[in-house]
Amino acid sequence: MDAPLGRTTNFNFSYEEEDPDSSAASGTMSVDKLFPALLECFGIILCGYIAGRANIITSTQAKGLGNFVSKFALPALLFKNMVLLDFGDVIWPFLWSILIAKVCVFSIVCVLTLIVASPEHRFSKAGLFSIFATQSNDFALGYPIVDALYRSTHPEYLQYIYLVAPVSLMLLNPIGFSFCEIQKWKNQGNHQQSKLLIAGLVVLQVLKNPIVFMVIIGITAHFVLHQEIPAFMAQFVDGLANSFGGAALFYLGLSMVGQLRKLTRSTVVTLILLTTAKLLLMPLICKDMVDLLDNSNTSALNHSSLSNYAFLYGVFPTAPSVAIYAVYYNAELEVVTSGMVVGTFLSAPIMYVSAWLLSIPWMDPQVLMNSLQSVTFDISILSLIALVWTIAVMFLSKKFKRLPHMFTVNLLLAQFITCVGMILWNFVIEVDNNIGQVLTFTILCTSLYSTYVWPGLIALCLVLMKQYEDLKVSPAVLVLAGWGFPALITIVLLFSGEQMSDTIDSSFFYGKPQIICTSVVVALGILLGGCSLVCLSRGSWSNNENVQEETTTEDLIIEVDPEILTPSEPVTSSGDLNRACLICDCAPPQPMPDMIISATINNTPSTLAGQCENSCASTDCLLVNTEELQQVADRQVARHVLLCLLLTVSLLANLSSCLWLLFNRVPGRLYLELQFFCAVANYGQGFLSFALFGLDKHLIILPFKKRLYSLWNRRKRYEQPQTDLSEDIRMTCSQFTKYHKIQCVHEIVKMRRCGKRTMVDCFLGCELVEWLQQVGLAQDVGEAVLYGTRLEQGGVLQHINQEHGFQDSQIHYRFLT
């Protein structure tokens with residue numbers, strides 16, 4: 001929702017009713033010191049990353065540094081600050097607010113993970129993901145930033161870092177560790193022990209954690225030692241504690257090396273959800289809890305300052321110690337480490353922009369309103385261009401006729417109309433034409449609400465197709481719901497709302513009733529989309545999809561045994577020089593390097609060259625037709641899930657914006673940050689749609705690669721001889737043809753019907769990828785694809801129609817002889 005920025009309805013962005021100059025003197029932050037603090041923290045992180053990337057410090061040495069940080073330096077730092085902590089100036093409602101916020105986020109992540117995750121890793125995922133979303137990097141990264149911002153204005157805020165940290169370390173982390181210990185016990189399979197003994201073992205493992213143990217010792221020592229560390233151990237504790245800051249940041253940089261390479265499809269989805277919980281849900285709940293519970297603070301300035309501080313605290317990224325927990329329990333290391341990298345670098349701009357907004361003593365609402373209107377106008381124009389391209393791709397690829405792309409096209413059209421409506425609104429609002437404003441607003445509001453509803457309907461469609469292999473509901477019903485429900489809400493708003501004559505903001509054209517209507521539509525969209533995505537994740541779509549593709553392939557391709565062929569279709573063994581002329585087997589022979597020829601001359605007989613001149617044409621080859629049908633039938637489930645997930649996350653931001661404005665007469669300046677994000681998310685949806693569906697693989701990317709590949713090969717033919725191949729390609733082709741080709745042909749090559757009277761010996765690209773991993777020539781899919789690409793470049797194999805390079809997909813290839 002694009003919300004209001006200025007009007008006469010008491011919605012403004014100042015902190016208080018006081019004079020701006022006095023408030024600036026007493027309550028603003030030292031934002032000029034923030035950039036040096038961020039540079040210090042992220043500079044040390046970058047040094048650690050460079051040291052790890054250049055192999056100056058190996059992974060084994062990095063583990064040693066991590067153990068020192070987590071088992072010696074951090075416990076000493078916690079012990080020191082727990083002993084010296086002064087509870088006299090603490091505003092306890094602030095502490096309870098942060099505690100409740102962390103418990104809420106912990107519970108949400110834990111419950112959702114237990115519902116969604118598979119039983120094999122359910123408890124370990126719930127424990128680690130919940131810790132990830134709630135444990136912040138308070139001491140290494142958070143303390144320097146808080147010190148830079150509040151040292152001169154609110155120095156008492158620094159001790160809240162040490163008060164809030166035990167919330168996670170003593171209350172929430174033990175619960176997460178308990179889930180991990182339960183998962184470890186379940187995986188061991190020894191279920192003969194009593195439940196009481198199991199609970200005791202779990203508690204013992206939790207108490208053995210040095211961080212938890214030292215926090216308990218520190219709080220005990222606080223009362224025993226009367227807030228003073230004995231002189232004989234003060235320097236020892238200081239030495240360990242002072243070593244934490246730089247070492248922890250340096251280790252954080254080391255731990256980031258190579259982590260993003262481990263991302264997979266499922267990891268990306270999990271990573272998006274965890275990052276949303278940590279960087280969006282946590283700060284918003286922290287701020288809301290302080291607003292609700294801090295009623296004892298009589299000063300509006302101090303109240304808003306604490307509320308903003310809670311928001312900044314919630315943005316602090318996840319602590320690197322969570323990665324150590326993942327290593328210890330050997331669970332979800334890829335998600336945790338990748339999330340730590342992404343969250344750390346995303347938090348920096350959020351913290352800087354938030355602090356910059358909070359440091360401004362006064363802002364003109366009219367200027368801000370014009371700025372937001374300009375941003376939405378520019379974003380709408382760029383998004384409109386991307387959507388025109390994406391819609392054209394959908395129609396040219398003919399995917400709009402199939403599910404779920406049929407509903408995706410409706411979402412694209414809603415996004416398109418939204419951008420057009422915003423562009424028109426920018427011109428209509430400048431003239432005094434009430435009818436034009438109402439008509440433009442109706443189009444804009446209906447289409448915008450439709451973009452809120454369609455992600456949930458698309459996710460529901462995926463669930464129904466996964467469950468029943470069919471929609472089981474008429475597509476017209478969902479189309480009617482996707483457009484009819486937003487139109488109905490807009491009509492209700494037109495008749496019940498009252499126009500605001502003093503605003504150019506479309507999202508507040510009908511005042512508070514419009515915000516309520518938007519909240520209802522967004523909440524329903526989140527509920528529908530969230531529940532559907534949860535149902536999707538509980539099953540395995542990929543298995544059903546693979547079965548369906550194999551069935552389709554078997555229906556369209558007839559595998560033929562040479563013994564049952566009729567005389568009119570003579571096919572002899574591959575070693576017979578008098579074999580029939582098969583259309584698909586008549587591609588012009590490519591010269592092979594001398595090394596490969598010498599290795600294969602005694603193993604694979606050559607065919608007679610020049611017996612036929614026709615190559616396999618797409619209009620004649622059943623195999624090529626099958627590939628084209630599979631390309632059109634591709635449902636692109638992963639892309640649709642990612643689209644629905646990202647749009648649902650943007651709906652969470654919109655809902656937060658609506659609720660923030662409804663329950664705060666003075667929203668504050670942090671609301672601006674959320675508003676600009678919502679504006680970009682609403683009117684920039686076209687960029688996301690273009691990234692996921694605008695670059696169609698079979699319509700754009702593969703033809704472009706094919707053209708580029710042909711031009712490159714033509715250039716190479718003129719510039720150098722065909723046999724001038726790299727040493728890696730030569731060795732790979734030589735090894736394969738000499739030692740593995742006969743076995744590979746025997747196990748994966750099958751004779752399939754190519755035309756009415758023609759056959760071809762071929763195999764699927766995915767079959768070769770699987771075979772290379774089974775025999776040990778490749779360790780994973782990436783290595784197998786690279787191996788197959790080298791064979792294709794060396795002239796050992798080719799696509800049956802020479803239209804594609806080697807791919808891990810349902811595309812047919814043949815060995816050249």
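Guide: Helices here are DSSP runs (H or I, at least four residues), numbered from the N terminus. The model is predicted: local features need pLDDT of at least 70, side-chain atom pairs count only at pLDDT 80 or more, and totals for chains, interfaces and linings use all residues. Residues are numbered from 1 along each chain as its sequence is written, and side-chain values use heavy atoms, without hydrogens and water.

Visitor: Which helices each supply at least two residues of the lining of the largest cavity?

Guide: They are α3 (59-84), α6 (138-150), α7 (160-188), α11 (244-255) and α14 (321-329). A cavity is a set of points on a 1 Å grid where a 1.4 Å probe fits but cannot get out, and lining residues have an atom within 4 Å of a point. The largest one has a volume of about 210 Å³. Of its 21 lining residues, those closest to the centre are Leu-74, Gln-135, Phe-244, Ala-319 and Ser-321.

Visitor: Why is the pair of Phe-311 and Trp-660 called tilted?

Guide: Rings of Phe, Tyr and Trp (its six-membered ring) pair if their centres lie within 6.5 Å; planes under 30 degrees apart are stacked, over 60 edge-to-face, the rest tilted. These two have centres 6.4 Å apart and planes at 50°, so they pair, and the pair is tilted. Phe-311 sits in α13 (residues 300-315) and Trp-660 in α24 (residues 637-663), 349 residues apart.

Visitor: And what makes Phe-311 and Trp-660 count as buried?

Guide: Buried means under 20% relative accessible area (exposed is over 50%, partly exposed in between; 1.4 Å probe, protein chains only). Phe-311 has 8%, so it's buried. Trp-660 has 4%, so Trp-660 is buried too.

Definitions and conventions:
1 Å grid on protein atoms, 1.4 Å probe; cavity = no way out; pocket = protein on both sides within 12 Å on 5 of 7 lines; lining within 4 Å. Points joined across faces, edges and corners; volume = space filled by probe spheres on them.
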